[in-house]
There are 2 protein chains.
Amino acid sequence: MLPATRKRNAAAAGIDDVAGLAGVSPSTVSNVLNHPERVAAATIDKVRRAIDLLQYVPNGAARSLAAGSTRTVGLVLSDLGNSLFVDIARGAEEYADEIGVSIILANSEGELRREERALEVFEQSRVRGSLLTLNDADHYRAIAARPPGRSPIVVLNYHDVFELFCSAYIDNVFGGEVATSHLLDTGRRRLVFVGGPDSLQPVQDRRRGFLRALETRGLSPADQLSPDWINRADGWRVGRALAPRILAGELDGIVAASDLLAAGIIQALAEVPSISLPEAVSVIGYDNNQAAWDSPIPISTVSQPGVALGVAGLTLLENEFGSDTHRHESVRLQPSLIPRRSTERR
Amino acid sequence: MLPATRKRNAAAAGIDDVAGLAGVSPSTVSNVLNHPERVAAATIDKVRRAIDLLQYVPNGAARSLAAGSTRTVGLVLSDLGNSLFVDIARGAEEYADEIGVSIILANSEGELRREERALEVFEQSRVRGSLLTLNDADHYRAIAARPPGRSPIVVLNYHDVFELFCSAYIDNVFGGEVATSHLLDTGRRRLVFVGGPDSLQPVQDRRRGFLRALETRGLSPADQLSPDWINRADGWRVGRALAPRILAGELDGIVAASDLLAAGIIQALAEVPSISLPEAVSVIGYDNNQAAWDSPIPISTVSQPGVALGVAGLTLLENEFGSDTHRHESVRLQPSLIPRRSTERR
DNA sequence: GGCCTCGATTGAAGCGCTGCAAACCGATGT
DNA sequence: ACATCGGTTTGCAGCGCTTCAATCGAGGCC
């Protein structure tokens, strides 16, 4: 390893130093930290003062070793570029703060290898448990096949139908339905769904929601398009292709599987002077991204409760951690409609 | 297909169990893990087999307690929504992997309170040191005023002129210069800079680079605009305002302080049929965001070496950790030009 | 053969903290 | 006056691992 050059601070204060200064025993200092209710108010004061004075920072390693458990949970995020995951982190962190837990993050880039490695690192640091965002069934299977971990895992943003884990996810079918119903409610009838590929479970679900909403009212889709991906450029191409059909009156509403897609479509349509939005055609996106509100024509969208997802995940984890007789459960969260100008009634 | 039940391991194997199974002493197991060069090859084999068999996961808390140091470093990111920071994380993680260190992330949302809290959590887990991305001078001052930490901090994406810390940052003045020179090189002469507010140090620097590039060639700016912020919507407004001036031939090149800004400008201009890009006007952005390549007219941009920044930061940290006689240093990284269609020669 | 050397292995001593049971103490009840 | 009783405080025994000095054993050498 490294040569013995390990002293930065002359000597970091330990619990004994604090105890000495405060004139109590180390145990009492420990109690102040962990079970303040057992300690007399005056003593707490003395000890706190000593802690401040010495700038004592308890050694987490020693704490968790002695206590046999941590107050840390791991969170593996699969795409830091996606605001949904950032929201999940935000929610989990917020709630963690509340219950006095700390969160450590890891970024898997959606790669299975890194998901596994992150879980390993977490297990080494003896987290209480881990939250893991998952995208597709293959990863799910791989994770489930891991040797039974020491600490519970809660799966986020993926519906674990087998209930091998606790899971929390967002109801994308419902989201698609909500988006579609909104267009129907504002008087549109000739709707097209834009989104692909269907190998992405959320996209597939949104499409299913779209179809279900129409079916419920005895309508059928004007069309369904599956661009290669769901980015702005794909939307732009779709928009170009759709423009003539809009002018021909073939369709009056577009349900896009993502805000980027919707933004691209709107952008393409804006370049056609004879099409004015939202009169000629309503467009709704999905995700409540920056792209949606930060657009010349603010885009209606379906907002995913990422923050709530984070909170729900952590809650599940804490439950599982507490009980011995635990049955895995799934929590389903509902997305919500955010109407903006792009779907205003004409 | 999948095991229907998972139960937690009754008792996780410890180093003694491994030692027992392998028929050696716990010390030897420890040596296999930490100083394999001291152990006979045959013994290593035996021990490794036992470890696998028992699925032994060493207890990190105990390790770092006994060893007195960790192989973990903390990384505080100020904006997970910005791909630069995600790249920094990627770079740091990559290099960390290489040198056998693990990274724990925290998300500060650019809030000082959370930056401080994250550093505290890191210190409790006795990281080797922390990487901290900073935005503005106030935070820098607050962090510098903290009681001298036990572990070194390296500041990222902020030029610490006082050298209170090691720092690694990207040369935004140079970036602005490169962007501007590119427009000049492609025959544009009447350039305008768009970006604000100047309280963001990077924006200010980019503007300075813009001015410097012009000055070098004895030119002066056609104009400088300072929208409230640097998002797409701001760009869109700027674009609307600029359109008539472009038609009037007042300007033929736009240097935007961010890709979102550039994308907004281009979007606004695209709606004016008589302006065609990039013939009428060249636009260059900054950041190499998705917004830049994923645009109907791919946007030239200046790419920031986020990955390299992460690597540089971790390198600085490791240096500081190793040596006793350490002098803080700053590493400056150069951004690079990515020419795309939006600045093609007319 | 006895002695020395050197790589490989081991036992014991903590790392800094927490949990627990035991100890303490002033107050209360009889 | 003495036993009792909560609320507080304390001493002690580890938590699971690493480290370091001590030990072991197999050659090598005179």
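A:Pro197 sits in the loop of chain A that runs between strand S6 (191-194) and helix H9 (201-216). Helices (H or I, at least four residues) and strands (E, at least two) are DSSP runs, numbered from the N terminus. The peptide bond that leads from A:Gly196 into A:Pro197 is cis, and its omega is near -10°.

This is a predicted model: local features need pLDDT of at least 70, side-chain atom pairs count only at pLDDT 80 or more, and totals for chains, interfaces and linings use all residues. Residues are numbered from 1 along each chain as its sequence is written, while chains are lettered from A and ligands numbered from 1 in the order in which they are written.

Chain B also has a cis bond, from B:Leu277 to B:Pro278, with omega near 0°. B:Pro278 lies in a loop too, between helix H11 (259-270) and strand S9 (282-284) of chain B.

How exposed are they? A residue is buried if 20 or more other C-beta atoms lie within 10 Å of its own, exposed if 12 or fewer, and partly exposed in between; C-beta atoms are placed from the backbone. A:Glu109 counts as partly exposed because it has 16 C-beta neighbours inside 10 Å. A:Glu163 has 12 C-beta neighbours inside 10 Å, so A:Glu163 counts as exposed.
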